[in-house]
Amino acid sequence: MSTKSSLKERFGQRVQIREIGRVPCGSPVRLSLRLGDSPNTPEAARILARRHVSLRTAHRALSDLVGGARRAVLLAPCVENRDRLLSELAAVGVVARPHETPEVDPRLVREQTGLSQDEFALRYGLDVSTIRNWEQGRSKPDAAGRAVLWTIAYYPEAVEQSIEASGGSHDF
């Protein structure tokens, strides 16, 4: 079954979309979604649309799940209450979890490796001034930086192997 047609085949040619009362304000939240028992995907799409997720984005994520994907990740731009959103999705058979990168102490990660700032930056392909700024509190790692630091903390060999395997080549 193709992903595009999976919802249509399961729920009919057209799902009637009522007027969606969007929440007036809130903060963005990245969500990891998976299907639970007896999911009501059209209602899940409406719940997401209330949080300013486009129906196209909600449909794509939910279709991927119905089509067999293990999980889908999306951004809900305007969430007034994260616990309420998770509860509403759970009530319609969609398990949602915040998709966040953990806070990481850059100095602690570097010290665990036993490397100087210069050596750490060189080994893991980072800019030494960025490492210094993080450690001295002048800036904080963004989500990508936190993900890299977390990976270095728990799987340093994987980062090193990835850098070595690329051999400077950027052919994707």
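**Exercise 1. What share of the contacts with a separation of 6 or more in the protein chain do residues 24 or more positions apart account for?**

Solution. The structure is a predicted model, in which local features need pLDDT of at least 70, side-chain atom pairs count only at pLDDT 80 or more, and totals for chains, interfaces and linings use all residues. Residues are numbered from 1 along each chain as its sequence is written, and side-chain values use heavy atoms, with hydrogens and water left out.

Step 1. A contact means heavy atoms within 4.5 Å.

Step 2. Among contacts with a separation of 6 or more, 74% join residues 24 or more positions apart.

**Exercise 2. Determine which elements the protein chain has and in what pattern they follow.**

Solution. Step 1. Helices (H or I, at least four residues) and strands (E, at least two) are DSSP runs, numbered from the N terminus.

Step 2. The chain has nine helices and three strands.

Step 3. Along the sequence they give the pattern α-β-α-α-β-α-β-α-α-α-α-α.

**Exercise 3. Explain why helix H2 is described as largely enclosed.**

Solution. Step 1. A residue is buried under 20% relative accessible area, exposed over 50%, and partly exposed in between (1.4 Å probe, protein chains only). Of the 172 residues of the chain, 34% are buried.

Step 2. Helix H2 covers residues 41–50, and because eight of its 10 residues are buried, the rest of the structure largely encloses this helix. The buried residues include Thr41, Pro42, Arg46 and Leu48.

Step 3. At the N-terminal end, Asn40 caps H2, with a side-chain oxygen 3.2 Å from the backbone nitrogen of Glu43. After H2 comes His52, which has a positive phi, near 70 degrees.

**Exercise 4. Identify the residues that touch the most other members of the largest nonpolar core.**

Solution. Step 1. A nonpolar core is a set of buried Ala, Val, Leu, Ile, Met, Phe, Trp, Tyr and Cys residues joined through side-chain atoms within 4.5 Å.

Step 2. The largest such core has 22 residues, and Leu31, Leu33, Leu48, Leu74 and Leu89 touch the most other members.

Step 3. Elements that give two or more residues to this core include strand S1 (27–35), H2 and strand S2 (72–79).

Step 4. Leaving aside residues up to four places away in sequence, Leu74 touches Val29, Arg30, Leu31, Leu33, Leu48, Val53, Thr57 and Ala61.

Step 5. Another core, of 11 residues, lies apart from the largest one; Val109, Ala121, Leu149 and Val159 are among its members.

**Exercise 5. Locate Tyr155 and state how accessible this residue is.**

Solution. Step 1. Tyr155 sits in the loop between helix H8 (143–154) and helix H9 (156–166).

Step 2. With a relative accessible area of 47%, Tyr155 is partly exposed.

Methods. A polar contact is a pair of N or O atoms within 3.5 Å; within protein, one must be able to donate a hydrogen and the other to accept it, and residues adjacent in sequence count only if both atoms are side-chain atoms.
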